[in-house]
Amino acid sequence: MTAISLLDQSFPATTAEINLTQLDTEWLVIYFYPKDSTPGCTTQAVGFSCLKDQFDALNTTIIGVSRDSVKAHQNFTEKQNLSINLISDKEEILCNHFDVIKEKNMYGKQVMGIERSTFIFHNGELVKEYRKVKAAGHAEQVLEDLKALQSA
């Protein structure tokens with residue numbers, strides 16, 4: 001699970017189909033979140049969108065992934081004025097590849113859902129991962145870590 005090259009296929013996204021292996025970027029941040037338009041997921045998506053210019057300056061593409069439909073992503077993007085692309089992973093191909101589907105407790109009931117997780121890639125190779133992410137302040141943390149990785 002360390003190389004993007006294992007994922008040479010296209011996925012539906014907010015603006016168009018995305019093939020992660022064909023992105024023209026040196027650095028890639030992929031973050032997984034449970035559901036569009038929920039408080040934590042909104043905090044996280046808005047955080048990444050607000051910092052998009054700074055990520056762009058570091059030659060870094062940010063992509064969010066959830067199991068929501070493209071239409072739900074488009075509504076979420078419009079409502080929150082998001083500037084990042086969101087992939088719809090209804091078949092859980094990416095979720096399973098990155099092992100982010102976990103058993104969660106929802107109102108006392110055990111369900112399978114996406115564990116908030118983020119991955120940083122450099123030239124297609126995984127260089128840092130975050131599991132069990134807290135949404136607030138996460139985009140800022142990823143940006144600082146990315147700067148440190150690039151200056152190392």
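# Briefing: helix packing, sheet and selected residues

The axes of helices α1 and α5 cross at roughly 40° and come within 8 Å of each other. The model described here is predicted. An open sheet of five strands is present, and helix α5 packs on that sheet. Helix α1 holds Cys41, a residue that an unreviewed UniProt entry annotates as "active site".

**Packing of α1 against α5**

- Two packed helices are described by the angle between their axes and the distance between the axes.
- The crossing of α1 and α5, at roughly 40°, is therefore classed as oblique, because angles under 35 degrees would count as roughly parallel and 65 to 115 as roughly perpendicular.
- On the α1 side, the contact is made by Gln44, Gly47 and Phe48, while α5 contributes His138, Ala139 and Val142.
- Sorted by class, the contact of α1 with α5 comprises three nonpolar and three polar residues, with no charged residues.

**The sheet and the helices on it**

- The strand order of the open sheet is β5-β4-β3-β8-β9, and the pairing is mixed.
- Strands β5 (85–88) and β9 (125–130) stand at the edges; each has a single partner strand, so one side of each is left without a neighbour in the sheet.
- On average, neighbouring strands of this sheet are turned by 25° against each other, with direction ignored.
- The partner of β9 is β8 (residues 117–122), and these two strands pair in the antiparallel sense over five bridges.
- Within this pair, Ile120 stands opposite Lys128 in β9.
- Helix α5 (residues 138–151) touches β3 (27–32), β4, β8 and β9, and its direction makes about 145° with that of β9.
- Helix α3 (residues 70–80) lies across β4 (60–66) and β5, and runs at about 160° to β5.

**Cys41, the annotated position**

- The "active site" annotation covering Cys41 comes from the unreviewed UniProt entry.
- Cys41 is part of helix α1, which spans residues 39–50.
- With a relative accessible area of 1%, Cys41 is buried, because buried means under 20% relative accessible area.
- Beyond its neighbours within four places in sequence, Cys41 is in contact with Tyr33, Pro34, Lys35, Phe76 and Arg116.

- Thr25 is located in the loop between β2 (18–19) and β3.
- Although it is a loop residue, Thr25 is buried, with a relative accessible area of 18%.
- Not counting residues up to four places away in sequence, Thr25 touches Asn59, Thr60 and Thr61.
- Thr25 and Leu58 are separated by 33 residues in sequence, and their C-alpha atoms are 9.8 Å apart in space.

**Residues with positive phi**

- Most residues other than glycine have a negative phi.
- Ser37 has a positive phi of about 60° although it is not a glycine.
- This serine, Ser37, lies in the loop between β3 and α1 and is partly exposed, with a relative accessible area of 44%.
- Glu92 likewise has a positive phi, of about 65°, and is not a glycine.
- The location of Glu92 is the loop between β5 and α4 (93–97).
- Glu92 is partly exposed at a relative accessible area of 22%, because partly exposed covers values between the buried limit of 20% and the exposed limit of 50%.

Note on methods: Residues numbered from 1 in each chain as written. Predicted model: local features only at pLDDT ≥ 70, side-chain atom pairs only at ≥ 80, totals over all residues. Heavy atoms only, no water. UniProt positions renumbered as here; feature names shortened; annotations may be inferred. Helix = DSSP H or I, 4+ residues; strand = E, 2+ residues; numbered from the N terminus. Buried < 20%, exposed > 50% of the residue type's maximum accessible area, 1.4 Å probe, protein only. Contact = heavy atoms within 4.5 Å. Pairing = 2+ DSSP bridges. Axes fitted to C-alpha atoms, helices over the stretch in contact; angles between N-to-C directions. Parallel < 35°, antiparallel > 145°, perpendicular 65-115°, else oblique. Nonpolar A, V, L, I, M, F, W, Y, C, P; charged D, E, K, R; others polar.
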